[in-house]
Amino acid sequence: MSATGLPSDLLARLEAQLGPGGLLTDEADCAPYGIDWRRLFPGRAAAVARPSNTGQVSSIVGLCREAGIALVPQGGHTGLAGGATPDASGRQIVLSLARMNAVRAVDPVGLTMEVEAGCVVQAAQGAAEAAGRLFPVSYGAEGSAMVGGMIATNAGGINVLRYGMTRSLVLGLEVVLADGSIVDGLRSLRKDNAGYDWKQLFIGSEGTLGIVTAAVLRLVPRPRYTETALLAVHDPEAALRILSAAQDGLGDTIQAFELISRCSFDLLERHAGLSCPLPPSPWCVLLEAGSSLSGLRDAVEGTLGEALERGDAVDGVLAESKAQAAGLWSLRERITECEAHQGKSVKHDVSVPIPAIPAFLEAADRALAEDAPGTVANVFGHMGDGNLHYNVLVGPEHDGAAINRLVHDVVDRFAGSISAEHGIGQYRVDELARRRRPEEMALASRLKRALDPDGLLNPGKVLRG
Ligand code: FAD
Ligand code: MLT
Ligand code: ZN
C-alpha cells in the first residue's frame, strides 16, 4: 500500500495511462474534489484521474477494477445531493471528466449536437446558439455544471414545462461500463426502437451504473420572440389559477412558470442587494413564453391583464428588453447562492401533483410550525412542473434529519416524490430506502449488481453500499 491508501503500483499505472497532468495525487490539489461547494459532504479523494479521451476512461476503470478501488465520477461538482463527492476513507479515486470538453458537432438541420461529458452546459448552449438553435436545459449552475453531470442527474431546470427534463433531450450516449468496456450508442436518430433503449438506464443513475463519456443531444428551434413577466400574487392558489389561464391563453409557448416566496426575496435583498421590482407581496410568479411567430407580446399582455382583472395577480411587470428579462431571471437564479450565505438549510427538492401544490404548502408549513418551531421555509421552484424547493432555514438547535422526514412525510401524503430533479446522491439514500416500495428497491439493487457487480462505481450513492 502507498501513503494514499491505494495499492502502491496503481498510481504509477494510472499515471502511465493518463500522461502529464492527467493524475492529481498532491493532497492540496485533490482537496477541492473531495468536498462539495456548500461543504456539507466532506470527503477525501485518494487521487483525481483526469482523462482526456474515452479510451483513457476505459483504461482507468479497468485498472481500478483490478485493484478493487472505487471511482467517483465528477463533472462540475455543482450537484446538491453529495453525489460527486468521495467518502472520507481516502481510498476512493475521483474521475473528473473536465478535460473531455469538446463540442464535436452541431447539426442545425437534424437538430442535434454531439458533445463530450466534460463540456460545460453553458458552452453546449452557446454552441447551439451559434448555429441558430437552442439547447433548452437551463439552470442556475449551468456555468459550471457539465453535460455528463447533467445527464447523470437527469437535470431539470426552468424549461422543463415546455421541453422536458434532460432525459427527453438525449438521443444517443456513449458510456464506459464497470468492466472498462466502451458502449458506443452515439446515434442521432429521432426514432429508434431497435431493442432495449439502454441509454435510459444511465440517464439519472448518478454515476452508479456507468461513466457517461459523450452524448448526442436534441436541439430545438430557437424562439424568435421571448416574453418574461414577474407577477405578485397573494397565495399559491392564485398562482395556480394563473398557470391554468396561461395554459389556455398561451398554450405551448409557456416555457417557464416559477414560484418565488417572500422569504427568497428577503434573502436576495440581504445577501446580493437585489430587490424585487414589485411592491412586497407574499409570493411572485416568474413566467416566460417563447415563440417564433409574431403576436406573442399581445397574447402575454392579454393573459397578464386578465390575471390582474380577476385579482389573481395584484401587480406585475413585463420585461421591456432582454436586459430587463435577464434581471428578472437573475433574481430567480441567485436564490440558492443567497440561501447558502444565510446559513444552514435543510434542502427539499419535492414534487407533488400540480393542483395539490397549495394544499401541500399549507400542510408542510403546519407540520414545521408544530414540530420544528423557529424554522423558516424558503420556498421557490418550478411550479409549472409541480416541483418546489422547500428549503428549511434552521439554527444549530434543529435536527436536519428529523425535518427531512417531517417534510417527506407530507410529500408522501400527496403521493409526491422526494427528489424531483436533484437526485439521491448520498443525501437522500436513507430516505429513498425508507419510502420506495421494497420491490422497487430490490429491482434497483438487481440492476446495480448486474452492471457493477463489484460495487466500484460511486458506492453508497443512490443505494446503500
Ligand atoms: P456533479 O455535481 O459533478 O455530479 C452529479 C452526479 O452525477 C454525481 O453523482 C456524479 O457522480 C455524477 N456524474 C457526473 N458526471 C458524470 C459522468 N460523466 N458520468 C457518470 N456520472 C457522472 N439541478 C436541476 O436539476 N435543476 C435545477 O434547476 C438546478 N439548479 C441548480 C442551481 C444551483 C445554483 C446549483 C448549485 C445547482 C443546481 N442544480 C439543479 C443541481 C446541479 O447543478 C445539477 O444536478 C447538475 O446537472 C450537476 O452537474 P455537474 O456536472 O455539476 O455534476
Ligand atoms: C433551483 O431550481 O434553483 C435549484 O434546483 C435549487 C435549490 O434547491 O437550491
Ligand atoms: Zn430547481
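By class, the lining of the largest pocket in this predicted model comprises 20 nonpolar, 16 polar and 14 charged residues, where Ala, Val, Leu, Ile, Met, Phe, Trp, Tyr, Cys and Pro count as nonpolar, Asp, Glu, Lys and Arg as charged, and the others, Gly among them, as polar. Local features need pLDDT of at least 70 and side-chain atom pairs count only at pLDDT 80 or more, whereas totals for chains, interfaces and linings use all residues. Residues are numbered from 1 along each chain as its sequence is written, and side-chain values use heavy atoms, with hydrogens and water left out.

The largest pocket has a volume of about 1300 Å³, the space filled by probe spheres set on grid points joined across faces, edges and corners. A pocket is here an open set of points, on a 1 Å grid over the protein atoms alone, where a 1.4 Å probe fits, with protein on both sides within 12 Å along at least five of seven lines, and its lining residues have an atom within 4 Å of a point. Because domain 2 (103-221) and domain 4 (343-429) both contribute lining residues, the largest pocket lies between them; the bounds come from an automatic or database domain assignment. Helix α16 supplies the largest share of this lining, eight residues, helices being DSSP runs (H or I, at least four residues) numbered from the N terminus.

Elsewhere, the side chains of Arg13 and Glu66 form a salt bridge (3.4 Å, N to O), defined as a side-chain nitrogen of Lys or Arg within 4 Å of a carboxyl oxygen of Asp or Glu. Since Arg13 lies in helix α1 (residues 8-18) and Glu66 in helix α3 (residues 54-67), the pair ties together parts that are 53 residues apart in sequence.

How values were computed:
Chains are lettered from A and ligands numbered from 1 in the order in which they are written. Helices (H or I, at least four residues) and strands (E, at least two) are DSSP runs, numbered from the N terminus.
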